[in-house]
Amino acid sequence: MLVVATFAFLLVHLVPGDPASMILGDMATVEDVERLREEMHLNAPLIVQYITWLGRVVRGNWGNSLYSQQPVLAMLAERAQPTLILSVSSLFVAVLLGIPTGVLAAVRRGTKIDAAILSVAMFGAAIPGFWLGLVMIMYIGVGLGWLPTSGYQPLSTGFFNTMQYFVLPAIALGFPHSALIIRVVRSTMLDVLNTDFVRTARAKGLSKFMVIGKHALRNSLIPILTVIGMSFATMVAGTVVTETVFSIPGMGRLVVTSVMRRDYPVLQGSILIVAAIYVIVNLVIDLLYVWVDPRVKY
Amino acid sequence: MTTLADMLREFRKSAAKAWRRNPIIRIGTIIFVVVLLVAVLAPYISQHDPLKMNPLNRLKGPSRANWFGTDELGRDVFSRVVFGARTSLQVGLSVVFLTILMGAIIGLLAGFFKKLDGPIMRIMDGFLAMPSELVAISLMASLGPSVNNVILALSIAHVPRMARLLRSSVLVVREMNYVEAAEALGVPVPRVLLKHVLPNCLSPLIVQATSTFAFAVLSEASLSFLGVGLPPYVPSWGTILSGGRQFMMQAPWITMFPGMSIILTVLSLNLLGDGLRDLLDPKLRKIAS
């Protein structure tokens with residue numbers, strides 16, 4: 001996390017150009033710029049600036065937006081909801097599509113079904129999510145008029161009302177990842193299906209469903225969890241593009257607008273938050289390993 | 001002991017074999033070579049100047065004169081897609097080159113010298129704690145849009161992964177007898193690294209290179225699409241998509257063709273990477289079949 005924070009800090013300070021003169025614009029006099037530099041402690045040595053900045057971040061003072069003067073933390077909090085809904089529902093799409101199809105491919109290995117699933121997965125992994133989003137907006141959203149193509153209604157307006165805005169974005173973000181999940185599920189399932197205990201379970205006369213669901217799938221969950229965790233973490237970052245395509249006012253959109261406006265405090269804040277989510281997701285996945293496989297000890 | 005020349009000879013032999021036996025590699029290579037040819041021969045293939053605007057002829061559908069139609073400024077979409085292949089591959093190749101170069105240096109140092117390992121890898125882990133797209137976006141924010149900056153930003157975003165991978169293979173190779181023998185013979189360390197360690201770490205590196213390439217093409221497109229990548233006048237698949245987005249309803253062809261080009265390129269690279277992995281890693285070959 002410290003490296004992330006350092007990166008976020010240096011990002012602003014390695015930028016060519018002076019933040020103070022950027023805020024004040026072209027009309028500012030030299031004295032004005034100097035006064036603001038003093039106010040922003042820009043004249044202090046880099047290391048001193050760094051430590052004061054870090055201290056403020058830890059205490060929850062993330063500065064104000066250079067553009068709207070709102071506190072960064074409040075801006076981020078306001079936009080967290082759509083981003084969270086989007087990432088969770090995309091994960092849902094990816095897992096729901098990925099695991100059963102992957103299992104099916106493994107069970108029907110070598111058949112036409114397997115080949116078809118694998119080629120779709122290969123293709124799916126190559127599709128840029130934002131392009132898929134655009135095409136869906138074009139044909140499903142506008143062409144068929146089934147679903148809204150942009151915008152967002154907060155959860156307080158009702159669950160289904162909100163979710164209809166997220167169907168297309170979640171597919172756009174989730175589908176390419178389900179391709180990845182399919183491949184991992186298939187290959188680990190193939191490994192597990194060849195083990196002795198699966199053969200024993202079959203020999204005991206357990207139903208096919210029990211063998212696959214309980215014995216095989218459960219034992220291949222660790223690599224699957226790893227890839228799901230990685231997917232989720234990438235999805236959080238992927239919201240940046242997806243939210244732009246579907247005009248969802250979330251944190252990802254905020255990243256893009258703050259880049260455009262050169263609004264560095266907001267950008268720093270968003271990077272910190274996304275990286276924090278990333279780290280937390282990885283931690284949760286590690287903890288889930290223990291739950292899935294009691295043999296794993298830390 | 002395997003030298004680079006041996007490796008290459010071996011590689012050529014197995015590549016020829018793979019070409020005959022492995023349809024995945026065959027398809028991947030063919031598509032990729034086609035895209036590469038299109039990129040190299042761009043000026044000969046396109047009938048129009050990709051930058052020339054023709055306001056009278058804007059947002060026209062695909063026709064014999066403009067195979068992929070025209071965009072909002074009357075530019076020929078086919079020419080732009082063809083020249084876009086050039087930009088995308090240029091970005092992809094440069095990113096792969098820089099990533100391998102920097103990743104190899106960092107990975108070799110970290111893997112070979114135990115003292116450097118800790119500090120270097122902690123920094124790399126820090127970078128890995130951030131999604132690479134976000135690293136690239138934030139770097140672009142401070143660097144400003146241009147082709148070189150996109151290349152730089154994407155390389156920095158991907159180096160940690162490459163370095164980490166190389167370090168783990170170096171850790172294994174370092175313990176090999178031939179490395180010890182070379183050191184005992186008094187071969188200077190840089191030579192040991194380059195001639196004895198690096199060639200034996202190549203196969204995961206090559207596989208990683210294809211996926212970095214695919215990532216680079218995808219990320220360049222999404223960065224440019226967001227408007228933080230290449231400047232809009234440079235024809236690239238991302239910039240065409242970004243421009244075509246507003247006219248999606250009247251002129252879907254602006255969006256469709258660059259998107260399909262991206263899919264085709266990334267698909268070919270993924271196939272190639274998959275095929276190479278099967279080829280270079282006999283352990284994985286069993287699982288995949």
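**Close-up 1. Packing of helices H5 and H6 of chain A.** In this predicted model, helix H5 (residues 72-107) of chain A packs against helix H6 (residues 112-126) of chain A at an angle of about 140°, and the axes of the two helices lie 8 Å apart. Because angles over 145 degrees would be needed to count as roughly antiparallel, H5(A) is classed as oblique to H6(A). The crossing in which H5(A) passes H6(A) is left-handed. On the side of H5(A), the contact is made by A:Thr101, A:Leu104 and A:Ala105, while H6(A) contributes A:Ile113, A:Asp114, A:Ile117 and A:Leu118. Taken by class, the residues of this contact between H5(A) and H6(A) comprise five nonpolar, one polar and one charged.

**Close-up 2. Helix H10 of chain A and the residue that follows.** Helix H10 (residues 196-203) of chain A is hardly covered, since zero of its eight residues count as buried. Just after H10(A), the backbone at A:Gly205 takes a positive phi of about 85°.

**Close-up 3. The contact between chains A and B, seen from its chain B side.** Chain A brings 36 residues to the contact and chain B brings 35 residues. On the side of chain B that touches chain A, the elements giving two or more residues are helices H5 (114-128), H6 (132-143), H10 (202-226), H12 (252-280) and H13 (282-288) of chain B. Of these, H12(B) gives the most to that side, with nine residues. When the residues on the side of chain B that touches chain A are sorted by class, 25 are nonpolar, eight are polar and two are charged.

Definitions and conventions: Residues numbered from 1 in each chain as written. Chains lettered and ligands numbered in written order. Predicted model: local features only at pLDDT ≥ 70, side-chain atom pairs only at ≥ 80, totals over all residues. Axes fitted to C-alpha atoms, helices over the stretch in contact; angles between N-to-C directions. Helix = DSSP H or I, 4+ residues; strand = E, 2+ residues; numbered from the N terminus. Parallel < 35°, antiparallel > 145°, perpendicular 65-115°, else oblique. Left-handed = near helix turned anticlockwise from the far one by under 90°. Contact = placed C-beta atoms within 7 Å. Nonpolar A, V, L, I, M, F, W, Y, C, P; charged D, E, K, R; others polar. Buried ≥ 20, exposed ≤ 12 C-beta atoms within 10 Å, placed from the backbone.
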